[in-house]
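Student: I have a structure open and I'd like to learn how to read it. Can we go through it feature by feature?

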Amino acid sequence: MFRDGALQPSFDQLAVRNPWTGESVGEVARDTVTQMDEAVRGLRAAWRPLRPDRRATILNAAATLIRERSGELAELISRESGVCIAETRKETERAAANLVVAATETERLRGESIPVPGQDRLALTLFEPIGIVAAITPFNRPLNQVVVKVAPAVAAGCAVVLKPSEKTPLTALAFAEILLEAGFPPENLVVTTGEPGVIGSALASHPDVDMVTFTGSASTGVAVSRAAAGKKVLLELGGNDPLIVLPDADLGLAVQLASQGAFATAGQSCRGIKRVIVVGEVADDLVAGLVEQARRKQAGDPLDPATDVGPLISEEAAVTVQRRIADAVAANAKLLHGGDRHGSLITPAVLDHVPADAELVVEETFGPVAPVIRVADTAEAIRVANGTRYGLQAGVVTSDVAAFTEIAHALRVGAVNLNAGPHFDSPHIPFGGVKSSGIGREGIPYSIREMCTIKTVTLPYPLQQG
């Protein structure tokens with residue numbers, strides 16, 4: 001456990017393994033519920049909110065340190081997650097950028113004054129830190145997923161207990177050291193590592209935790225929500241994001257977006273493209289372009305700078321993706337390229353004529369797969385897009401603004417992007433979904449406010465009305 005500014009001794013360890021080689025990357029503590037409980041209680045007793053200007057200084061300093069150490073952090077991320085080095089280098093910059101935005105937003109956190117109608121009183125609203133935030137993060141993007149939860153908590157003035165994925169905890173611990181080096185008080189941060197089934201629910205239900213922010217699967221999110229009953233929760237529970245391509249689409253753009261969104265991070269992204277829904281005969285040319293893009297992707301060693309697609313997080317995850325591809329083919333989908341498995345590696349796959357009810361496209365498939373679903377018209381595209389339990393983000397490729405407006409209004413998702421994929425991202429805008437995709441909104445300014453309470457103070461209004 002990382003507590004009081006240092007790793008504490010532990011009698012039981014968890015091995016962290018490289019998904020590509022199977023070799024040990026390191027070991028972390030297998031914390032017990034008792035150890036976690038003691039740490040959180042200590043956090044509650046010691047926590048004192050920092051002044052906003054000091055919070056901003058810490059966050060900016062942390063961003064600088066990440067940029068200075070981007071090379072070693074990128075390699076660490078690749079070794080424990082299997083994501084190729086070309087992408088983990090981008091992740092470090094993305095994390096640093098999020099920290100800078102959080103620093104800026106810290107000093108924009110202002111309430112308002114409200115003259116109370118019909119009364120001689122003035123109401124003032126104040127943003128105050130909610131208290132102790134429990135941040136539970138997944139294995140994919142192990143630096144940025146931590147930063148997008150911890151940075152807003154720091155900006156809001158909260159204390160943090162972080163529970164990273166047991167598959168990728170080393171990057172989280174490295175970031176904790178950076179945050180303390182940047183000036184964050186050690187008594188305001190705990191990083192607990194261990195089995196999610198043991199630590200996760202106990203942390204979410206802990207009486208000294210005021211809020212739980214979680215990213216992960218929908219099923220685990222439900223369990224976290226139940227454990228956190230009575231607390232504020234911010235849940236990002238994945239997606240089954242469609243890219244809808246209309247007949248008038250710029251096909252070059254559509255192919256580029258579909259390839260990027262389906263194959264980046266080996267398809268292990270909640271906002272990645274999980275379905276390519278194509279209206280009309282334009283599908284023939286789009287599929288041909290996708291196959292060509294997939295052929296150009298080099299899959300293999302994530303530490304090779306030439307690699308585009310690394311392994312999945314585990315062989316078990318790769319077996320699931322391989323089975324879903326096979327089941328879709330058995331249901332008359334056409335596998336046009338890739339889909340081979342070598343241990344935890346799946347080669348980039350393109351499938352055409354995928355049935356809309358295949359498990360491959362009904363569930364969130366975390367793998368480098370571009371499944372094409374052909375539909376007759378815009379109405380069917382909307383029905384198919386809305387036909388899963390998820391509703392995170394979507395992209396639409398068209399030059400027909402009226403058609404886009406119709407689709408944007410009809411889709412049950414958190415965001416719709418015109419001529420951009422569902423993987424479009426900015427720290428300045430809200431991010432989150434509907435249905436089983438979660439509760440609340442991330443995006444740095446929005447997360448900061450989620451991690452605050454609004455206190456209202458009223459006082460006699462000094463100006464008497466005639």
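Student: Let's start with strands. In which sense do strand S11 and S23 pair, and over how many bridges?

Tutor: Strands of a sheet pair through backbone hydrogen bonds, either parallel or antiparallel. Here strand S11 (residues 232-236) and S23 pair in the antiparallel sense, over two bridges. Two strands count as paired if DSSP finds at least two bridges between them. In S23, glycine 438 is the bridge partner of glutamate 236. As for the labels, helices (H or I, at least four residues) and strands (E, at least two) are DSSP runs, numbered from the N terminus.

Tutor: Before we go on, keep in mind that this is a predicted model: local features need pLDDT of at least 70, side-chain atom pairs count only at pLDDT 80 or more, and totals for chains, interfaces and linings use all residues. Residues are numbered from 1 along each chain as its sequence is written, and side-chain values use heavy atoms, with hydrogens and water left out.

Student: What is the order of strands in the open sheet of eight strands?

Tutor: The order is S2-S1-S9-S8-S7-S10-S11-S23, and the pairing is mixed. Strand S2 (6-7) and strand S23 (438-439) are the edge strands, as each pairs on one side only.

Student: How many bridges join strand S5 to strand S6?

Tutor: Three bridges join strand S5 (residues 113-115) to strand S6 (residues 121-129), and the two run antiparallel. Serine 113 has leucine 124 of S6 as its bridge partner. S5 and S6 form a hairpin with five residues between the strands, where glycine 118 takes a positive phi near 80°. S6 also runs antiparallel to strand S24 (residues 452-460), with nine bridges joining them. There, arginine 121 stands opposite proline 460 in S24.

Student: You mentioned phi. Which residue has a positive phi although it is not a glycine?

Tutor: Most residues other than glycine have a negative phi, and most peptide bonds are trans. Alanine 266 has a positive phi of about 55° although it is not a glycine. Alanine 266 sits in the loop between H9 and S13. At 3% relative accessibility, alanine 266 counts as buried. Buried means under 20% relative accessible area, exposed over 50%, and partly exposed in between (1.4 Å probe, protein chains only).

Tutor: Lysine 435 has a positive phi of about 55° too, and is not a glycine. You'll find lysine 435 in strand S22 (residues 434-435). With a relative accessible area of 28%, lysine 435 is partly exposed.

Student: What about empty space? How many cavities of 30 Å³ or more are there?

Tutor: Rolling a probe the size of a water molecule over the atoms shows where empty space is left. On a 1 Å grid over the protein atoms alone, a cavity is a set of points where a 1.4 Å probe fits but cannot get out; a pocket is an open set with protein on both sides within 12 Å along at least five of seven lines; and lining residues have an atom within 4 Å of a point. Grid points are joined across faces, edges and corners, and a volume is the space filled by probe spheres set on the points. By this rule there are six cavities of 30 Å³ or more. The largest cavity holds about 230 Å³ of space. Its lining has 20 residues, and Arg94, Asn144, Val148, Arg271 and Glu442 lie nearest its centre. H5 gives the most to that lining, with four residues.

Student: And the largest pocket: what is its volume?

Tutor: Its volume is about 1,100 Å³. Of the 41 residues that line the largest pocket, Phe139, Lys167, Gly216, Ser217 and Thr220 are the closest to its centre. The second largest pocket has a volume of about 730 Å³.
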